Amino acid sequence: MAEPLKLKGKSASPGIASGPAFLAEEPKAPSAAERPDAATAPGTVGGFGALEKAIDISINELERLAEGADAESRDIIDFQIEVLRDPTIAEATGARMEGDQNVVFAWVATLDAYIGELEAADEEQMRARAVDILDIKNRVLGALAGTPIADFPPGSVFVGKDMEPSRFLAHDWSKGGGIALFAGSTAGHVALLARAKSVPMVVGTGRFSVAEGDPVSVDGDAGTVVLQTGGMLIPPLAPPQAPAGDTQTESGELRTADGVPILISININDPAEIDTLDPATAGVGLMRSEFSVTSLADAANEERQLAIYRHVMEQAGEKPVTIRMLDIGGDKPLAGLEDLPTLDSGLRGIRLLLARPEIARVQARALLRAAVFGRLSVMLPMVTFPDEIDRMREIFREEAEKLGRRSLLHRMPPIGMMVEVPAAALMLDTFGSAAFFSFGTNDLAQYLAASARDDIDADAGKAAPAVLRLIAQAVKLTSGKPVSICGDMAGNPSYLPGLLAAGLRHFSVAPARRPAIRSAIIGLNADGTRAAGE
Ligand code: PEP
Ligand code: MG
């Protein structure tokens, strides 16, 4: 059994507590069936009225929390209510909305600016207030999306970067438990509350990893946290990560009949699909994030996105995961965005993300933070021109800098692109800053055949020779970078000979298509010809 690991932090509240770890950022990634109906959530579409309503809901929640609370707790809740009632915050949000920002993004941007100012303050007292404002931000965001802040099991040890006061206040501490924070402050409101309620608390341990439910002890007298099993301290600066595709051959024991290694990854649409990842799978070749982020409120919610991506990364373990940024627009609407006057049918995928950078920036931050938890690559949808990649890279760079300033652990993932627009496929050699390529034959076939997405099924067979020829040409332009295919053609055994002949060696398919593709590959040579005796 692994030795217990003792981590030194600062005592924020005395006493000793032990219990199963509750990981604050541990995802509770809802499946599609569990998702609240984003379209009916108050305020996903609404304007200033929706914000006012969400603020009212939040104030009511806080007032309920204040009932029966002790004097110290009430002081903190009153402070939060006061901030929520402060007209300047609503006015600043309103001003951003006049600048064409959606209500949720305007709210997030206003509160983030406030939090940023507090975090940059010289005095610790001021810096410690940042988490109170973060708390308010998330509460109102939850009210806008119809998803309240979740409690955690009584008796557990809360583990996370920081803790919001309302989480502390809503929790039942009579069953014991404690708090272990990577960052946090002894001067913060939660520390004050913990001392008042005699909840052992240690802050400033630095980031450590521990599995949900593993035993953790908090020694608030000595200022230490003891991880009883299998925990480890994560160094603050993670080493740069190699593109996921570079080392993928490690896991590929599948070979063509003439011995050429082939990788089969899976495409996932719902994060829950990762829970049943087959050990023979090379990894996740495509996660369509737009199926997990289905409303503007979700798109504005960095923590929720981080939880979803982190869940996928942790379930994938050592295996590489490629998460595609939101491919919204066209046939994939985002609830709350469809009524914007700027939205036209050509504005889809990366183009829309660059036109609405506030959406891209939140997702970039969530992805940068999720990258710490495994081998993440980020894929850009519907790329047409090289400068689109450069501009998105710049967004990642800027957001990484912001995360660094806030001491939030993150890592720059390799950024690659879907090849699903014919203009890009023909010019792949000009996409110098793409780290890898993945062919999206669904859109490639549609745009090559001047077909509509809904009609392409009927035309797919007829369009396939043109798609295959284009892919064969494009593969020659990839300059040795990792290349795969994740469009539906990859999951159809009848196209395998053509795709192998085009030079493809990595296929990402729907989980249900994997067995059929696997057995088809065994009967084929790497040039796509049938193996002798087949
Ligand atoms: C594709 O276009 O082939 C693809 C994989 O993307 P999506 O089906 O999500 O448009
Ligand atoms: Mg596509």
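**Figure 1. Helix H1 and the helices that cover it.** In this predicted model, helix H1 runs over residues 48-66. Its 19 residues reach 27 Å from the first C-alpha to the last, close to the 27 Å expected at 1.5 Å a residue. The buried residues of H1 are Ala50, Leu51, Ala54, Ile55, Ser58, Ile59, Leu62 and Ala66. What covers them includes helices H2 (71-85) and H3 (87-98), together with H4 (103-119) and H5 (124-145). After H1 comes Gly68, which has a positive phi, near 80°.

**Figure 2. Helix H9 and its surroundings.** Helix H9 spans residues 302-316 and has 15 residues. From first to last C-alpha H9 reaches 21 Å, close to the 21 Å expected at 1.5 Å a residue. Because 12 of the 15 residues of H9 are buried, the helix is largely enclosed by the rest of the structure. At the start of the helix, a side-chain oxygen of Asn301 reaches to within 3.4 Å of the backbone nitrogen of Glu303. Gly317, with a positive phi near 60°, follows H9.

**Figure 3. Ser289 and its contacts.** Ser289 lies in the loop between strand S13 (284-288) and helix H8 (296-299). Its relative accessible area is 0%, so Ser289 is classed as buried. The side chains of Ser289 and Gln363 make a polar contact at 3.0 Å. Leaving aside residues up to four places away in sequence, Ser289 touches Gln363, Tyr309 and Ile323, and also Arg324, Met325 and Leu326.

**Figure 4. The magnesium ion, ligand 2.** Glu420 (OE) and Asp443 (OD) coordinate the magnesium ion at 2.0 Å. The two residues are 23 residues apart and link distant parts of the chain. Glu420 sits in the loop between strand S16 (415-419) and helix H13 (422-426), whereas Asp443 belongs to helix H14 (residues 441-448). Glu420 and Asp443 are both buried.

**Figure 5. Nonpolar cores.** The largest nonpolar core has 140 residues, and Phe439 and Phe507 are those with the most contacts inside it. Not counting residues up to four places away in sequence, Phe439 touches a set of residues including Val419, Leu428, Leu444, Ile471, Val475, Val483, Ile485 and Leu504. Ser484, Cys486 and Gly487 are also among the residues that Phe439 touches. A second, separate core has 14 residues, among them Leu7, Val159, Phe208 and Val225.

**Figure 6. Ala532 in the segment after H17.** Ala532 is located in the segment that follows helix H17 (514-522). With a relative accessible area of 81%, Ala532 is exposed. Ala257 is 275 residues from Ala532 in sequence, yet the C-alpha atoms of the two residues are 8.7 Å apart in space.

**Figure 7. Confidence along the chain.** The mean pLDDT of the chain is 85, and 87% of its residues reach 70 or more. Over residues 26-45 the pLDDT stays under 50, and the model has 49 contacts beyond four places in sequence for this stretch. Residues 236-252 also have pLDDT below 50, with 29 contacts in the model beyond near neighbours in sequence.

Note on methods
Residues numbered from 1 in each chain as written. Chains lettered and ligands numbered in written order. Heavy atoms only, no water. Helix = DSSP H or I, 4+ residues; strand = E, 2+ residues; numbered from the N terminus. Buried < 20%, exposed > 50% of the residue type's maximum accessible area, 1.4 Å probe, protein only. Expected span 1.5 Å × (residues − 1). Contact = heavy atoms within 4.5 Å. Core = buried A, V, L, I, M, F, W, Y, C linked by side-chain atoms within 4.5 Å. Polar contact = N/O pair within 3.5 Å; in protein donor to acceptor, adjacent residues only side chain to side chain. pLDDT = per-residue confidence, 0-100. Donors = N, O, S within 2.8 Å, 3.2 Å for Na, K, Ca; no water.
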